[in-house]
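Hi everyone, thanks for making time.

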Protein chains: 2
Amino acid sequence: MKKTAVLLYPQFSEYELSVALSILMQGGKPIITLGSNTKPIRGESGLNCIADLSVNEVELDNIDSLLLPGCMDISTLQLEESLLDFIRHLSAKGGMIASISSSPYLLAKAGVLKNKKYTVGLPLDGMEQLGCFELHNYSDELVVQDGNIITARGRGFIPFGICFGHALKLNFDENWY
Amino acid sequence: MKKTAVLLYPQFSEYELSVALSILMQGGKPIITLGSNTKPIRGESGLNCIADLSVNEVELDNIDSLLLPGCMDISTLQLEESLLDFIRHLSAKGGMIASISSSPYLLAKAGVLKNKKYTVGLPLDGMEQLGCFELHNYSDELVVQDGNIITARGRGFIPFGICFGHALKLNFDENWY
């Protein structure tokens, strides 16, 4: 079975990620975590993690979906072109992408939110400053799916995970969480 | 400020831990993660983590509380006496202990559940087999606090985190989750 890639970056939000990860596990969907490199990456709540591979090493043929947690200040991420290219290629081949909290910024930056309805956990003035969001396509719903793109605000971490699980046609108990 | 120790073991449950961790972060409470050693520890959903210290290295004077996630099959954990001693010493000096899902097994094994009302995410026959639980003190509530011991079943991961945050007198937005 193809894998879900899970992006990790410094200050990623553990709780935003964890219910989605648990649903992937329940549904028997294998994952692979990806970082800029394989040095330790500390989450916003202090969990110190090591990615399985760097984004540069992953074989796109083995991946059919992508999960992106938010992070404290996503605009300070060192945005390597390889990360944005990875998002573009996966979206171009129809991969399901689930992105929560501040991380839709990476989708907007990669150009894959174009003409898509989305939400994001950023204030409006922050979105304007970042300059890559189509503001007229913003929705204030907690979770939004438009085609292969699922976006959510941070406090929607449970329905976000459930929406991702359904989009991947996984078998899981959504009432557990 | 004294720290909350967070135990990590192979197959620990990321989602059971993550809301409590986020509440500690919101409340400005520093944490330190502890493992049997500082080799990578993979959670049940695939997140690969490194503990900050091993249980043998930690200075008990710097710790006032303890958080224990569940794990897939806690009875297979290599129960080093140092881990049980750590739990005993922390409980003896009144440290607040929050333990979810299968992990109250470690508290029962260490003897700190004696005469305490508790819950646990294990089936009754499993509890009987393990032989260290006082069955008459079991409660089927989702979260139980008795003095310095908070226990919860896995699906109570949100009220569990909130109960721990209040017990530590932290300032946080409990309606976020």
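Let me start with a question: in which crossing, left-handed or right-handed, does H1(A) pass H5(A)? It's a right-handed crossing. A crossing counts as left-handed if the near helix is turned anticlockwise from the far one by less than a right angle, and as right-handed if clockwise. The names come from DSSP runs, numbered from the N terminus: helices are H or I with at least four residues, strands are E with at least two.

Before I go on, some housekeeping. This is a predicted model, where local features need pLDDT of at least 70, side-chain atom pairs count only at pLDDT 80 or more, and totals for chains, interfaces and linings use all residues. Residues are numbered from 1 along each chain as its sequence is written, and chains are lettered from A and ligands numbered from 1 in the order in which they are written. Chain A averages a pLDDT of 95, with 100% of its residues at 70 or above; pLDDT is the predictor's confidence in each residue, from 0 to 100. For the model, ipTM is 0.95 and pTM is 0.96.

Okay, back to that helix pair. H1(A) and helix H5 of chain A, residues 157-167, pack at about 35 degrees with their axes 8 Å apart. The axes are lines fitted to C-alpha atoms, for helices over the stretch in contact, and angles run from 0 to 180 degrees between N-to-C directions. On the H1(A) side we have A:Tyr15, A:Glu16, A:Val19, A:Ala20 and A:Ile23, and they meet residues of H5(A) including A:Phe157, A:Phe160 and A:Phe164. In contact means C-beta atoms, placed from the backbone, within 7 Å. That contact has nine nonpolar residues, two polar and one charged. Here Ala, Val, Leu, Ile, Met, Phe, Trp, Tyr, Cys and Pro are nonpolar, Asp, Glu, Lys and Arg are charged, and the others, Gly among them, are polar.

Now, how do the two chains relate? Rotate chain A by 180 degrees, with 0.0 Å of shift along the axis, and it superposes on chain B with an RMSD of 0.0 Å. That's the relation of a two-fold axis.

Helix H1 (residues 14-26) of chain A and its counterpart in chain B have axes that come within 8 Å and cross at roughly 165 degrees. That makes them roughly antiparallel (over 145 degrees). H1(A) passes H1(B) in a left-handed crossing. Among the residues making this contact are A:Ser18 and A:Leu21 of H1(A), and B:Ser18 and B:Leu21 of H1(B).

How values were computed:
Copies are superposed by least squares on the C-alpha atoms of residues with pLDDT of at least 70 in both. Angles under 35 degrees count as roughly parallel, over 145 as roughly antiparallel, 65 to 115 as roughly perpendicular and the rest as oblique. Two residues are in contact if their C-beta atoms, placed from the backbone, lie within 7 Å.
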